[in-house]
Amino acid sequence: MSWGTELWDQFDNLEKHTQWGIDVLEKYIKFVKERTEIELSYAKQLRNLSKKYQPKKNSKEEEEYRYTSTRAFLATLNEMNDYAGQHEVISENMTSLITGELTRYVQELKQERKSHFHDGRKAQQHIETCWKQLEASKRRFERDCKEADRAQQYFEKMDADINVTKADVEKARQQAQLRHQMAEDSKAEYSSTLQKFNSEQHDHYYTHIPNIFQKIQEMEERRIVRIGESMKTFAEVDRQVIPIIGKCLDEITKAAESIDHKNDSQLVIEAFKSGFEPPGDIDFEDFTQPMKRTVSESSLSNSRGDGKSEPKFGGKSKGKLWPFIKKNKGAGPEDFSNLPPEQRRKKLQQKVDELNKDIQKEMDQRDALTKMKDVYIKNPQMGDAASVDHRLAELGQNIEKLRLEVQKFEGWLAEVEGRLPLRTDQARRQSGLYEGQNTAAVNSCAQDRESPDGSYTEEQSQETEMKVPATEFDDEFDDEEPLPTIGTCKALYTFEGQNEGTISVAEGEMLYVIEEDKGDGWTRIRRNEDEEGYVPTSYVEVYLDKNAKDVYKSLQKISE
């Protein structure tokens with residue numbers, strides 16, 4: 001079965017058929033390309049869908065994801081994101097393995113087809129030229145033969161006419177011989193051209209055209225095989241991601257099976273448990289006898305002062321129990337005193353944990369910068385060591401602020417848990433921000449505390465009666481004799497001493513050192529007889545007097 005022998009006369013049809021084959025291939029390429037676009041669009045929509053329902057950071061939604069059912073939903077969202085990724089893989093593989101390869105192959109196929117049909121047209125033009133030469137030789141032979149016959153007839157006519165001279169007869173005879181010779185020459189040329197044409201025609205139809213058509217046939221068969229292989233690849237690309245998609249679906253099933261309704265119920269208790277006891281029975285109030293109205297000791301309308309103040313009645317009595325009273329709207333106080341005890345304890349503990357994480361983060365940055373500074377000191381060509389000093393000072397100040405915040409919230413947490421932390425001089429100095437609150441602010445916070453029944457009391461809560469006296473730092477300085485100067489220091493940065501016990505300094509200012517850093521990050525300095533206080537050690541450059549330092553250490557030992 002060969003196109004060269006079976007379709008030797010179908011050159012035009014073969015040209016149309018091969019062009020149709022290329023059109024089919026390009027149509028398939030377009031189909032696969034549109035499929036890849038659909039896969040990409042589907043993957044993008046899946047990712048957007050997953051992102052849309054992801055919990056927002058630092059929002060109420062994030063807190064809801066502690067339940068097993070919502071965690072399972074979150075796992076489903078994450079798996080759908082991976083599921084979308086597999087559709088992106090399908091698109092990428094189809095683009096590289098099918099559309100890209102076939103596009104290059106089509107260009108090569110067009111060039112090859114053009115070359116083969118060019119050779120075919122060239123062969124056809126050659127055989128047509130040979131045929132035209134044969135026809136021209138044949139016509140010339142035919143014309144010469146007719147001319148020779150006419151010349152012969154004319155000679156015979158002249159020879160038979162007695163009135164014609166011998167000269168005319170001789171001339172007619174020579175003309176007849178000449179024409180006859182020309183006819184013989186034309187015959188020989190025609191015969192030669194005919195033999196040549198027959199040979200060319202045989203080669204054309206039995207050698208050249210079959211070879212060209214055979215190449216065209218092989219080209220077309222390769223195209224058919226190639227499109228079949230591409231269709232197999234099309235299916236294989238899908239088949240390769242089926243196991244991964246199956247794993248995604250298995251993980252979704254696993255997440256669904258991990259839902260624990262009992263655990264979620266317990267989490268609801270932990271989330272909303274107030275810590276209060278249910279209200280007791282309400283005593284019968286007999287209005288038939290003139291007597292003072294009494295209120296049950298177990299009623300939650302009592303203030304926390306154990307009878308320090310009597311209930312206030314603004315017209316009508318508030319007879320509703322606390323679980324049914326609306327809570328205050330808007331932002332609550334910083335110490336979460338508007339919450340029930342159990343919820344307040346959880347909020348305070350959460351705040352302490354967050355602050356400790358922030359402290360650890362700042363300390364890690366400080367350690368990294370310190371190492372960088374050491375590298376710069378050892379290798380000055382790598383950088384200027386002084387360039388990181390300002391950032392180190394900022395980190396030191398941030399750490400101190402965060403520590404003060406931690407101590408403030410730990411104090412409130414200790415109040416809730418019914419214990420008090422040990423308050424040393426050093427701790428007081430580090431928590432100056434908390435203890436330096438003005439009395440009015442503390443009293444205001446205490447008066448704003450909400451009782452369990454939702455009403456407000458004007459009495460100061462027992463929780464706030466543990467306020468540290470505002471004169472504690474004054475006592476620390478006034479009761480002691482003035483400390484001797486042990487050196488001087490230069491302020492590297494401006495420090496605003498807003499907390500009690502601290503002192504403000506300006507950048508470049510020279511001051512006296514009266515107490516070294518005891519490991520808490522603070523140095524005690526003096527500007528004059530009336531101004532002294534603490535500044536962060538990282539904010540000053542200390543120059544200690546050796547003799548004065550020895551005397552100071554001796555005095556410390558004596559005092560101990």
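This is a predicted model: local features need pLDDT of at least 70, side-chain atom pairs count only at pLDDT 80 or more; totals for chains, interfaces and linings use all residues.

Select Gly275 to begin, which sits in the loop between α6 (261–272) and α7 (341–378), where helices (H or I, at least four residues) and strands (E, at least two) are DSSP runs numbered from the N terminus. Because its relative accessibility is 42%, Gly275 counts as partly exposed, the category between buried, under 20% relative accessible area, and exposed, over 50% (1.4 Å probe, protein chains only).

Residues are numbered from 1 along each chain as its sequence is written, and side-chain values use heavy atoms, with hydrogens and water left out.

Next, select helix α4 (residues 68–160) together with helix α5 (residues 166–257), which pack at an angle of about 175° with their axes 7 Å apart; axes are lines fitted to C-alpha atoms, for helices over the stretch in contact, and angles run from 0 to 180 degrees between N-to-C directions. That angle makes α4 roughly antiparallel to α5, a label given to angles over 145 degrees.

Staying in this region, colour Leu25, Tyr28, Met94, Ile98, Phe213 and Ile216, which touch the most other members among the 31 residues of the largest nonpolar core, such a core being a set of buried Ala, Val, Leu, Ile, Met, Phe, Trp, Tyr and Cys residues joined through side-chain atoms within 4.5 Å. The elements giving two or more residues to this core are α2 (11–52), α4 and α5, and the largest share, 11 residues, comes from α4. Apart from this core lies another, of 16 residues, among them Cys489, Tyr493, Tyr534 and Val535.

Finally, select the open sheet, whose 5 strands run in the order β4-β3-β2-β1-β5 with antiparallel pairing, two strands being paired if DSSP finds at least two bridges between them. Since β4 (532–536) and β5 (540–544) stand at the edges with a single partner strand each, one side of each is left without a neighbour in the sheet. Neighbouring strands of this sheet are turned by 40° against each other on average, direction ignored. Within the sheet, β2 (residues 510–515) and β3 (residues 522–526) pair in the antiparallel sense over 3 bridges, and Glu515 stands opposite Arg524 in β3.

Definitions and conventions. Angles under 35 degrees count as roughly parallel, over 145 as roughly antiparallel, 65 to 115 as roughly perpendicular and the rest as oblique.
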